[in-house]
Amino acid sequence: MQRRRCGLGHTGRAGCRRRDHAAKPDIAAWEWQPWADGIAQLASETGAMCKLSGLVTEAGRTPGPGVVRRWGDHVLACFGAARVVWGSDWPVLELSGSYAQWWGETQQLLAHLSPQEQAAIMGENAKRLYRLQDAAVFKITPSFFH
């Protein structure tokens, strides 16, 4: 199988464009299928990378803590730490939650991963995907917004 630099976007279709939002599952409606099978198929049949972003926004107006966990865990299980790129979805995120909320959800989603895997998802993979090897990656923590 030929591997190309690919990204996955909110349309859920594979392609070699860099997109995001974990294919936009309808979390507010608890949509699991066909989204879950599509993510698994895309991960197994392509070299696509998936941006872990936009999940809180897809969870409705005021999602509770942990509501996106199932979807985030599935993305991580299917793509693995080497093929996931984290994104804040800010400022759109503010329609449903806050940066601090998504930051906290992210920390919980990644807690079981090694420090190297967490670093890959939180910046190193983005440097590779966007060919920014020489660029600095910096972390914006919730305190940045206060």
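How many salt bridges does the count come to?

Modeller: This is a predicted model, in which local features need pLDDT of at least 70 and side-chain atom pairs count only at pLDDT 80 or more, while totals for chains, interfaces and linings use all residues. Residues are numbered from 1 along each chain as its sequence is written, and side-chain values use heavy atoms, with hydrogens and water left out.

The count comes to 3 salt bridges, a salt bridge being a side-chain nitrogen of Lys or Arg within 4 Å of a carboxyl oxygen of Asp or Glu. One of them joins Glu58 and Lys24, at 2.8 Å from N to O. Helices (H or I, at least four residues) and strands (E, at least two) are DSSP runs, numbered from the N terminus. Lys24 is partly exposed, at 28% relative accessibility; buried means under 20% relative accessible area, exposed over 50%, and partly exposed in between (1.4 Å probe, protein chains only).

Another salt bridge links Asp73 to Arg69, with the closest N and O atoms 3.0 Å apart. These two residues are 4 apart in helix α3, or about one helical turn. Asp73 is partly exposed at 28%, and Arg69 is partly exposed at 32%.

There is also a salt bridge between Lys127 and Glu124, at 3.3 Å from N to O. Both residues lie in helix α5 (residues 115–129), 3 residues apart, which is about one turn of the helix. Here Lys127 counts as buried, at 16% relative accessibility, whereas Glu124 is partly exposed, at 41%.

Ile121 touches Leu76, Ala81, Val84, Val85, Trp86, Leu110 and Leu113, leaving out residues up to four places away in sequence; contact means heavy atoms within 4.5 Å. In the largest nonpolar core, which has 32 residues, Ile121 is among those that touch the most other members, along with Trp35, Leu55, Val68, Val75, Phe79 and Trp102. At least two core residues come from each of α1 (35–45), β3 (48–52), α2 (55–58), α3 (69–79), β4 (84–86) and α4 (99–110). Such a core is a set of buried Ala, Val, Leu, Ile, Met, Phe, Trp, Tyr and Cys residues joined through side-chain atoms within 4.5 Å.

Of the 5 residues of β3, 4 are buried, so this strand is largely enclosed by the rest of the structure. β3 and β4 run parallel and are joined by 3 bridges; two strands pair if DSSP finds at least two bridges between them. Across from Leu52 stands Trp86 in β4.

Aromatic pairs number 7 in the whole structure. In one of them Trp86 and Trp102 are stacked, 6.4 Å centre to centre with 10° between the planes. Rings of Phe, Tyr and Trp (its six-membered ring) pair if their centres lie within 6.5 Å; planes under 30 degrees apart count as stacked, over 60 as edge-to-face and the rest as tilted. Trp86 is in strand β4 and Trp102 in helix α4, so the pair ties together parts 16 residues apart in sequence. Both Trp86 and Trp102 are buried.
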